[in-house]
Amino acid sequence: MLQTPQVDPSGLGEHSDHLPSESSLLRICQDSMALPVPSPHLAFGHATHRHCPAKQAAQHYRGFVNLRMVMIRAEYPKVYQYLHEELEEQLESLANEGRIIFQRLWRNVTRMVHMGKLLRRIYEELKKLSRKSDVDLLQDSGDIVARGQLVQLYMPQPVDPQLTAWTITGMSERLNNFRVYITLDHKISKYDVLLFEELRHLQCSLDHQDSPRNPASSEYTPSWGAQTFTSGKHYWEVDVGSSCNWIIGLCKESWANRNDMLLNSEGLFLLLCVKVDGHVNLFSTSPLIRQYIQRPQGWVGVFLDYEFGVVTFVNIAKSSLICNFLSCSFSFPLKPFICFGPK
């Protein structure tokens with residue numbers, strides 16, 4: 001009679017005697033979940049670790065995360081304190097610099113007043129001398145020459161009104177978080193003539209404000225971005241190189257399509273660099289205001305915060321502020337605008 005063999009449910013046969021018990025398996029699983037945690041009493045060079053259960057390891061890790069948060073929180077007030085001190089230092093320096101320049105300008109005003117009085121006195125004396133004989137005229141000519149030399153002492157002295165642009169710590173890094181890349185999709189057209197005529201008129205000397213306006217030069221090349229902004233924060237950079245004649249910024253989308261692109265139009269947020277009688281000046285629009293800041297060379301940054309109504313221009317090389325438009329109200333699409341003229 002054949003006997004039915006007994007089947008070992010474990011499938012391990014005689015080796016089943018060497019298997020660990022259920023309680024020991026559970027203990028092994030718990031030990032394998034434990035994380036090696038360095039003892040706080042050991043130096044960093046020690047490789048000795050103690051093992052703890054998973055729950056204790058998780059609590060230890062949570063404690064480390066909380067400690068990390070405390071350390072990070074402790075650093076930000078330091079940054080704020082540093083920036084606050086930098087702000088106060090720059091404002092104080094700006095006030096002192098402005099006061100010195102204003103005193104020099106006012107000194108020139110006083111000189112011109114004295115010079116005007118002296119010239120009027122000389123003029124009256126010359127009128128009297130013109131009625132005298134040649135002999136008397138020769139005798140009194142010495143006084144007239146001396147007074148003419150005195151006039152030279154009251155001549156106004158040249159004053160450079162440009163203010164220093166200080167570096168603002170972290171400005172470039174902060175703005176780079178909103179960087180976009182602008183694609184230009186429009187070049188010069190026949191409708192740009194008025195804009196260039198106005199730009200040329202702006203470049204004329206103050207002594208020739210009534211000079212006739214000539215047709216636009218083909219050396220001016222305007223273009224605007226393919227992108228249109230209606231919300232959000234956006235930052236891009238434009239390379240103006242060493243050019244002394246350029247316009248960059250933002251404009252209303254409808255302005256770019258008009259036949260009379262004038263600089264006094266509404267919805268223009270532009271920075272202009274123009275060369276007038278050998279002097280390079282910066283202007284901003286809305287309204288047209290001269291910016292007494294040194295001309296930037298190389299890259300100029302443009303930042304738009306649509307919701308807060310802010311447009312900012314930055315000198316990349318110095319990480320300094322050129323100018324900004326604050327508290328604007330944008331209720332229309334904005335397009336980047338760039339125009340280069342002759343160097």
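Let's start in a loop: Pro287 sits between β7 (279-284) and β8. Helices and strands here are DSSP runs, H or I over at least four residues for helices and E over at least two for strands, numbered from the N terminus. Ser286 belongs to the loop between β7 and β8 too. The peptide bond from Ser286 to Pro287 is cis, with omega near -5°. Ser286 has a positive phi, near 60°, and is not a glycine. For context, most residues other than glycine have a negative phi, and most peptide bonds are trans.

A word on the basis. This is a predicted model, in which local features need pLDDT of at least 70, side-chain atom pairs count only at pLDDT 80 or more, and totals for chains, interfaces and linings use all residues. Residues are numbered from 1 along each chain as its sequence is written, and side-chain values use heavy atoms, without hydrogens and water.

Confidence next. pLDDT is the predictor's confidence in each residue, from 0 to 100. The chain averages 76, and 69% of the residues score at least 70. Residues 1-48 fall below 50, and that stretch has 24 contacts in the model beyond near neighbours in sequence. A contact means heavy atoms within 4.5 Å. Residues 205-217 also stay under 50, with 17 contacts beyond four places in sequence.

Now the sheets. Two strands pair if DSSP finds at least two bridges between them. Axes are lines fitted to C-alpha atoms, for helices over the stretch in contact, and angles run from 0 to 180 degrees between N-to-C directions. Inside this sheet, six bridges join β5 (residues 246-252) to β6 (residues 268-276), running antiparallel. Cys251 has Leu268 in β6 as its bridge partner.

The other open sheet has four strands, ordered β4-β9-β10-β11, again antiparallel. β4 (233-241) and β11 are the edge strands, each pairing on one side only. The twist averages 20° from one strand to the next. Five bridges join β10 (residues 310-315) to β11, antiparallel. Asn315 has Ser320 in β11 as its bridge partner.

Last, the largest pocket. How much space lies in it? About 590 Å³. The lining has 23 residues, and closest to the centre are Leu87, Gln90, Ile168, Met171 and Leu321. Elements giving two or more residues are α2 (54-129), α4 (171-175) and β11 (320-325). The largest share, six residues, comes from α2. By type, the lining divides into 15 nonpolar, six polar and two charged residues. Nonpolar covers Ala, Val, Leu, Ile, Met, Phe, Trp, Tyr, Cys and Pro; charged covers Asp, Glu, Lys and Arg; the others, Gly among them, are polar. A pocket is an open set of points on a 1 Å grid over the protein atoms alone, where a 1.4 Å probe fits, with protein on both sides within 12 Å along at least five of seven lines; lining residues have an atom within 4 Å of a point.

Conventions: Points joined across faces, edges and corners; volume = space filled by probe spheres on them.
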